[in-house]
Amino acid sequence: MTPTSRVRISPAALGVILVLLVIQLYLFETVLGAVLDGQRSVLPGAFGVSLALSAIALFLAFRSTVEHRPRE
Amino acid sequence: MTWWRRAFPLELAEESHFSRREFARFLAVVSAGFTTGIGYLWWRKKPLEGASDPEAKHAEVPVALGLAADLKAGQSRLFKFRDEHDACILLRTPKGELRAYRQTCTHLGCAVRFRDERLECPCHQGFFEVDRGFPVQGPPTRPLGAIALEVRPDGTLWAVGELPKPTLENLDRRAACPRDKHEVTA
């Protein structure tokens, strides 16, 4: 049987995802406050930033889990 | 072994194992949830309940508030503005200026009242100053919604619209603040 190794998420990547989530939480709270104050003009920019942060987090978390097999 | 283990003899090798990847995926999905929330706020054109809407498309219906001279310094009066649920408070500050605010506290929505030269939210001891409605003490962090006032030539006072929420940017530019254009000292 050929030995296999899975791609593991490094602690650094997990830390980056955690930091991104904290930024998202702060961003959402700020945007909600602004919307409640009637300042809807912040929404397009905030959505763009949030989308970019989410894309990075999703990429780090869901990147390839293909098992690497040593060359025969 | 507990009774339910004997009743359901299923042994999963990693039943208590929660991998780093699963945790990272959970965090990433939560992050995407925040993005969805912001997208929903953007997509939803209608203001949130209780939110300020100074750019309302519908024409405001002015509301008569009686004679301006009837309200003495330190006194207040309640009124409804847009509908029967839109409770507002009209007050005359100790300086003699008339101000009107939404009565809904920006913390958790309790009704504020005018007491000791400040607007007080009795639920959680939040206080707002009366000149601009800024929170000065307690849990609220956002200013009260302000109502534009107008004194007509016959001396009657009218609520005519909603003012934009004051921000730190327009604090130093008082002349640019619409509230100051409607400064009422009658």
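Start by selecting chain A: it has two helices and zero strands, where helices (H or I, at least four residues) and strands (E, at least two) are DSSP runs, numbered from the N terminus. You are looking at a predicted model, in which local features need pLDDT of at least 70, side-chain atom pairs count only at pLDDT 80 or more, and totals for chains, interfaces and linings use all residues. Residues are numbered from 1 along each chain as its sequence is written, chains are lettered from A and ligands numbered from 1 in the order in which they are written, and side-chain values use heavy atoms, with hydrogens and water left out.

Stay on chain A and color by accessibility. Of its 72 residues, 31% are buried (under 20% relative accessible area; exposed is over 50% and partly exposed in between, with a 1.4 Å probe and protein chains only). Chain A exposes about 4700 Å², with carbon and sulfur atoms supplying 68% of that (Shrake-Rupley method, 1.4 Å probe; for residues, only the protein chains shown count as cover).

Now bring in chain B. Here 29 residues of chain B are in contact with 36 residues of chain A (heavy atoms within 4.5 Å). Pick out B:Arg20, B:Arg21 and B:Ile38: they supply 24% of the area that chain B buries against chain A, more than any other three residues. Between the two chains, about 3000 Å² is buried, 71% of it from carbon and sulfur atoms (accessible area, 1.4 Å probe, that two parts lose on being put together, summed over both). The interface also holds 11 residue pairs in polar contact, both partners at pLDDT 80 or more (N or O atoms within 3.5 Å; within protein, one must be able to donate a hydrogen and the other to accept it, and residues adjacent in sequence count only if both atoms are side-chain atoms).

Next, zoom in on B:Ser31, in helix H2 (residues 20-43) of chain B. Which chain A residues does B:Ser31 touch? Not counting residues up to four places away in sequence, they are A:Leu21, A:Gln24, A:Ser54 and A:Ala57. B:Ser31 is buried, at a relative accessible area of 1%.

Last stop: B:His107, in the loop between strand E4 (98-102) and strand E5 (113-115) of chain B. B:His107 is partly exposed, at 30% relative accessibility. Show B:His124 too, and you'll find a polar contact of 3.4 Å joining the two side chains.
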